[in-house]
Amino acid sequence: MYILLGIIATICVFVWLLSRSEQMGSLASGNALKRMQTTGTYSEGAFQNLELTPAFKEGVSRFTVFKSFFLGKDKRNVPSVPLPVDVTPIKQLKRDENVLIWFGHSSYYLQVDGVRILVDPIFNQRASPVPGSIKAFATTYSYQVDDLPDQIDLLLLTHDHWDHLDYPTLKKLKGRVDRIVTGLGVGAHLERWGFDETKIDELYWHESIQLGALRVTSTPARHFSGRWLKRNTSLWSSFVLESPSKRLYVGGDSGYGTHFKEIGQQYGPFDLAILENGQYSEYWRYIHLMPEEAVQAANDLQAQVLLPVHHSKFPLSNHAWDEPIIRLTNEAARVGLPTWTPRLGQLVLFDQENQFETWWETVEE
């Protein structure tokens, strides 16, 4: 009995300390909160999706989901060998080169018409505040903040989940970022972590900001937010990037919905759509795209090319690690949609032909 009480007390103390730690971030207050309250999708302390979006599919209980998560994982949920990574000397790239480098999951670096952009960087080896949980896959090389140029023009943050808003990575980026664009309410986390509030632009859906030659517009997504017990206290977003030569769609996390076609009609067509593809499940299909839905969403967006992300780094669902890219490329081939499937770290050139291999088939397990 005393041992059990001791374990319970230890857990309670750990949870209490964790809830008060800096990495949890902060809730919006003052003028930021007042601005959130004036939007059309914020009520009773939380943002809402444009469409009804249950956390789980109808008829699925939390118990079923938790049981499946811990007992129903595919045997190949995590690769048994390190994934291959190209080591690209990013600091040596010329600023006028239009390029993309994907680091795994939803983290990537862009140069578009002279603007250096970093999206949802996570160079940490776990996607959770709990030590030892949700560990990153082993790789032959692990990119870090020091691999990036000393100055990033734009840090783009789609929402505040742990696998997109990474506290250790962002702390290392502080002082190296000229501008941060994110959703309403996310800035409170960044300000607690010491970022200059004058460099943070929080946008509501369909609001825009001009950064030199680049126009950034926040657009809807079908997802949720939250770093602790209460959900939806900040906004989740996708983004449209428009430069003199490129029109790109940054999808963030989102389930399938009518917003993709509406965004395509209002802001498309796009040269490239970067959409999530991984960590999905039939149990929570309203908040994450299934691979076939990602292909449909790209067509809805009127995208010329689809780049799938949100895979090949963390085991946040039960599927095999390579299932997302296999299913998506099969579906894209069936409907004739061009896809970019770079290796981790591969230099992708916007203005030249690129060679993309089925690299996941070469991983010998």
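User: How much space lies in the largest cavity?
Analyst: In this predicted model, the largest cavity holds about 140 Å³ of space, and the structure holds five cavities of 30 Å³ or more.

User: Which residues lie nearest its centre, I mean the centre of the largest cavity?
Analyst: The lining of the largest cavity is made up of 13 residues, and those nearest its centre are F103, T139, Y141, S142 and K313. By class, that lining divides into eight nonpolar residues, four polar ones and one charged one.

User: And what volume does the second largest cavity have?
Analyst: The second largest cavity has a volume of about 60 Å³, and it is lined by 13 residues, with F137, Q279, F314, H319 and W321 lying nearest its centre. Its lining has six nonpolar, six polar and one charged residues.

User: Switching topic, how many salt bridges are there?
Analyst: The count comes to 18 salt bridges. One of them is between the side chains of D201 and R179, with N to O at 2.6 Å; D201 lies in strand β8 and R179 in strand β7, so this pair ties together parts that are 22 residues apart in sequence.

User: Is D201 buried or exposed?
Analyst: D201 is buried, because its relative accessible area is 15% and buried means under 20%, whereas R179 is partly exposed at 24%.

User: What about E292 and R327, which parts do they tie together?
Analyst: The side chains of E292 and R327 meet in a salt bridge of 2.7 Å, N to O. E292 lies in helix α7 and R327 in helix α8, so the pair ties together parts that are 35 residues apart in sequence. Elsewhere, salt bridges that share partners join K57, E282, R285 and E293 into one network.

Methods
Residues numbered from 1 in each chain as written. Predicted model: local features only at pLDDT ≥ 70, side-chain atom pairs only at ≥ 80, totals over all residues. Heavy atoms only, no water. 1 Å grid on protein atoms, 1.4 Å probe; cavity = no way out; pocket = protein on both sides within 12 Å on 5 of 7 lines; lining within 4 Å. Points joined across faces, edges and corners; volume = space filled by probe spheres on them. Nonpolar A, V, L, I, M, F, W, Y, C, P; charged D, E, K, R; others polar. Salt bridge = Lys/Arg side-chain N within 4 Å of Asp/Glu carboxyl O. Helix = DSSP H or I, 4+ residues; strand = E, 2+ residues; numbered from the N terminus. Buried < 20%, exposed > 50% of the residue type's maximum accessible area, 1.4 Å probe, protein only.
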